[in-house]
Amino acid sequence: MAKVKVGFIGCGGRAGAHFQKLVTFKEDVELVGYADVILARAENFRNKAGEGKAYTCYKQMLDETKPDAVVIAVEPCAHGAIELAVVERNIHFIIEKPMDLDICAAENISNLVAQKRIITSVGFQDRYQDITDKAVELLAGRRIGLVEGAWVGGIPGVWWWRKQETSGGQIIEQNIHLFDQVRYMLGEPVSVYAAGGKGIVRPAERNMPGYNVHDYSSAVIKMESGVVVNLFTGCYVKGPSKQNGLTFYCEDCVVDYALRSKLTFRDNQGNVETFNHVVDGNIEQTYILDRVFIDAIKSGDTSKIRSPYSDALKSLKLCFAAQKSIETGEVIML
Ligand SMILES: NC(=O)c1ccc[n+]([C@@H]2O[C@H](COP(=O)([O-])OP(=O)(O)OC[C@H]3O[C@@H](n4cnc5c(N)ncnc54)[C@H](O)[C@@H]3O)[C@@H](O)[C@H]2O)c1
């Protein structure tokens with residue numbers, strides 16, 4: 001096969017991470033187009049790559065450069081028409097989470113992608129970590145009762161993050177990574193109940209006009225296996241917080257996943273083992289996600305893609321259910 005022609009829709013922060021990997025795949029990837037409503041961002045990618053063309057209109061980019069695949073990394077509220085245009089043209093895509101803030105629109109895309117056999121990969125790169133593989137291996141066959149986890153920190157700077165309408169809130173935009181890891185490691189959920197709070201973050205004090213997302217929440221997820229998971233989500237913290245990640249309490253051991261850094265195993269015999277997350281230069285989880293996607297397009301074998309759109313939709317639905325539970329006070333059955 002000739003080189004895989006790749007375009008970008010959205011050339012902001014997260015697209016930059018994919019760009020940085022894809023631009024190194026010179027043997028089999030040609031970067032043909034970059035679209036961003038802020039032209040300077042598209043031009044920045046083009047200048048760094050030294051190939052392709054910059055656009056403000058993604059449809060023009062798709063029609064003129066005819067990519068085989070695109071990376072879609074726009075703000076959560078900007079989805080919808082973009083994916084329809086991409087699917088209509090039978091273009092494979094990587095898409096960042098959350099894939100849409102309208103679950104019906106996401107379901108429609110998932111159905112169209114399946115019908116048209118379009119290859120997709122959603123930005124749950126943590127599924128490709130060495131320590132994720134190790135955690136799956138360590139947990140296999142063990143009796144797990146409780147899992148706790150947290151993503152508690154500050155407020156990201158991008159304009160759209162602080163508003164429910166534009167980001168979906170912290171569970172849907174950010175902690176979706178841990179909700180997804182829970183599904184990847186433990187199987188499917190059956191129900192979720194979540195409570196959340198506001199009032200710690202004072203928008204005027206922090207110069208954050210329009211801030212209206214929950215400051216914090218706690219979600220209790222019951223898994224089909226019977227495991228009970230409690231995930232904390234918080235963005236109000238200014239100072240130090242506890243290590244984010246997941247802790248699995250098994251009958252005979254505890255497995256601690258420190259977010260994107262290490263895994264610690266402690267058993268009832270007093271054994272302690274630590275596994276550090278290894279990053280080899282440019283090669284880490286986003287690199288692997290991108291590499292696996294390109295290889296799938298070349299070979300037609302999608303079996304190594306760990307988060308196709310259809311699967312990622314289940315994590316998105318779980319996060320929407322948690323958010324709905326915060327708003328209604330009800331247990332949501334999945
Ligand atoms: N997987 C991860 O770890 C990870 C990390 C950060 C962000 N993200 C996700 O990536 C997505 C983008 O986040 P970001 O931090 O890059 O945001 P960003 O604001 O830095 O970039 C988004 C870009 O999309 C552009 N854009 C919006 N609508 C467009 C359109 N119709 N056509 C072309 N360009 C358009 C904007 O101009 C902007 O440059 C979000 O969904 C976010 O949740 C994922």
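Colleague: Which order do the six strands of the open sheet have, and with what pairing?

Modeller: Strands of a sheet pair through backbone hydrogen bonds, either parallel or antiparallel. Here the open sheet of six strands has the order E3-E2-E1-E4-E5-E6, with parallel pairing. Strands (E, at least two residues) and helices (H or I, at least four) are DSSP runs, numbered from the N terminus. Two strands pair if DSSP finds at least two bridges between them.

Colleague: Which strands stand at the edges?

Modeller: Strand E3 (53–55) and strand E6 (120–122). Each has a single partner strand, so one side of each is left without a neighbour in the sheet. From one strand to the next, the twist averages 20°. Axes are lines fitted to C-alpha atoms, for helices over the stretch in contact, and angles run from 0 to 180 degrees between N-to-C directions.

Colleague: What kind of model is this?

Modeller: This is a predicted model, where local features need pLDDT of at least 70, side-chain atom pairs count only at pLDDT 80 or more, and totals for chains, interfaces and linings use all residues. Residues are numbered from 1 along each chain as its sequence is written.

Colleague: Over how many bridges do E2 and E3 pair?

Modeller: Strand E2 (residues 29–35) pairs with E3 over three bridges, in the parallel sense. Tyr34 stands opposite Ala54 in E3.

Colleague: Which strands does H1 lie across?

Modeller: H1 lies across strand E1 (4–9), E2, strand E4 (69–72) and E5. Helix H1 runs at about 160° to E1. Contact means C-beta atoms, placed from the backbone, within 7 Å. H1 (residues 13–22) also gives the largest share of the shell around the ligand, three residues.

Colleague: Which residues come nearest to the ligand?

Modeller: Gly10, Gly12, Gly13, Arg14 and Glu96, of the 25 residues around the ligand. A residue is near if its C-beta atom, placed from the backbone, lies within 6 Å. By class, the shell has 13 nonpolar, five polar and seven charged residues. Ala, Val, Leu, Ile, Met, Phe, Trp, Tyr, Cys and Pro count as nonpolar, Asp, Glu, Lys and Arg as charged, and the others, Gly among them, as polar.

Colleague: Why does Asn90 count as exposed?

Modeller: Because Asn90 has 10 C-beta neighbours inside 10 Å. Buried means 20 or more other C-beta atoms within 10 Å, exposed 12 or fewer, partly exposed in between, with C-beta atoms placed from the backbone.

Methods
Two residues are in contact if their C-beta atoms, placed from the backbone, lie within 7 Å.
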